[in-house]
Amino acid sequence: MKTHVQIVAALHIVMGALTLMGAVTVFIFIGMAGGIAATQGEGEAAGVLGIIAVVVGSLLTLLALPSIIGGWALLAGCSWGRPFVLVLGALELLNIPFGTTLGIYTFWALLSNPQPPPPVTSGLRPIT
C-alpha cells in the first residue's frame with residue numbers, strides 16, 4: 001500500500017503541474033489577444049483582456065499550488081501531508097473527469113491503509 005500512497009502523491013504533483021502549465025498557457029494566449037487588440041487600436045478591449053489574463057492565470061495558479069505542495073508533503077512523509085491530500089482529494093472530486101478519478105483513488109489509497117500511530121516515547125524503560 002505504500003506504493004499506492006507514493007502514486008497518489010506523484011499524481012497530485014502531476015495534476016498541479018498540469019494546472020500550472022494551463023495557467024501559463026491561458027495567461028499567454030489571452031495576453032496575446034490583448035496585444036493584438038491593442039495593435040488594432042482597441043485600447044479598452046486590450047485592458048479588459050489583460051485584466052482577464054491576470055485574474056484567470058492567478059486563479060489557476062492558486063488552484064495548482066496546493067496540489068504540488070500536498071503531493072510533496074505526502075512523498076516527504078510530513079505528518080500534515082496525509083490529511084491535506086485527503087482534503088485536496090475531496091475538492092478534486094468536482095473536477096470532472098480526471099479530478100474525480102484522482103479524488104476516488106486518493107480516498108481509496110489513503111483510507112484503506114491507515115497511517116500507523118507514532119511510537120509512544122515516555123522515557124520509561126521496560127522491566128527486564
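**Before you click**

You're looking at a predicted model, where local features need pLDDT of at least 70, side-chain atom pairs count only at pLDDT 80 or more, and totals for chains, interfaces and linings use all residues. Residues are numbered from 1 along each chain as its sequence is written, and side-chain values use heavy atoms, with hydrogens and water left out.

**Whole chain**

Start with a cartoon view: the protein chain has four helices and zero strands, running α-α-α-α from the N terminus. Helices here are DSSP runs (H or I, at least four residues; strands are E, at least two), numbered from the N terminus. The chain exposes about 8,500 Å², with 76% of that supplied by carbon and sulfur atoms; the area comes from the Shrake-Rupley method with a 1.4 Å probe. Of the 128 residues, 24% are buried (under 20% relative accessible area, 1.4 Å probe, protein chains only).

**Stop 1: α1 against α4**

Select residues 2-39, which is helix α1; this helix packs with α4 at an angle of about 155 degrees, the axes being 9 Å apart. Axes are lines fitted to C-alpha atoms over the stretch in contact, and angles run from 0 to 180 degrees between N-to-C directions. That angle makes α1 roughly antiparallel to α4 (the label covers angles over 145 degrees). Show side chains on α1 for H4, V5, I7, V8, L11, H12 and M15, then on α4 for F98, G99, L102, Y105, T106, W108, A109 and L110: these make the contact (heavy atoms within 4.5 Å). Colour them by class and you get eleven nonpolar, four polar and no charged residues. In this scheme Ala, Val, Leu, Ile, Met, Phe, Trp, Tyr, Cys and Pro are nonpolar, Asp, Glu, Lys and Arg are charged, and the others, Gly among them, are polar.

**Stop 2**

Pick S67 in helix α2. Is this residue buried or exposed? S67 counts as buried, at 2% relative accessibility. Leaving out residues up to four places away in sequence, S67 touches H12, I13, G16, L88 and E92.

Now slide along to G70, also placed in α2 (residues 43-76). G70 is buried, with a relative accessible area of 0%. Its contacts, aside from neighbours within four places in sequence, are F84, V85 and L88.

**Stop 2: α2 against α3**

Select P66, S67, G70, G71, A73 and L74 on α2, and G81, R82, F84, V85, L88 and E92 on α3, to see where they meet. That set divides into six nonpolar, four polar and two charged residues.

**Stop 3**

Move on to α3 (residues 81-92) and α4 (residues 98-111), whose axes come within 7 Å and cross at roughly 145 degrees. Their contact has eight nonpolar, five polar and two charged residues. The peptide bond from I96 to P97 is cis, with omega near -5 degrees.

How values were computed. Buried means under 20% relative accessible area, exposed over 50%, partly exposed in between (1.4 Å probe, protein chains only). Angles under 35 degrees count as roughly parallel, over 145 as roughly antiparallel, 65 to 115 as roughly perpendicular and the rest as oblique.
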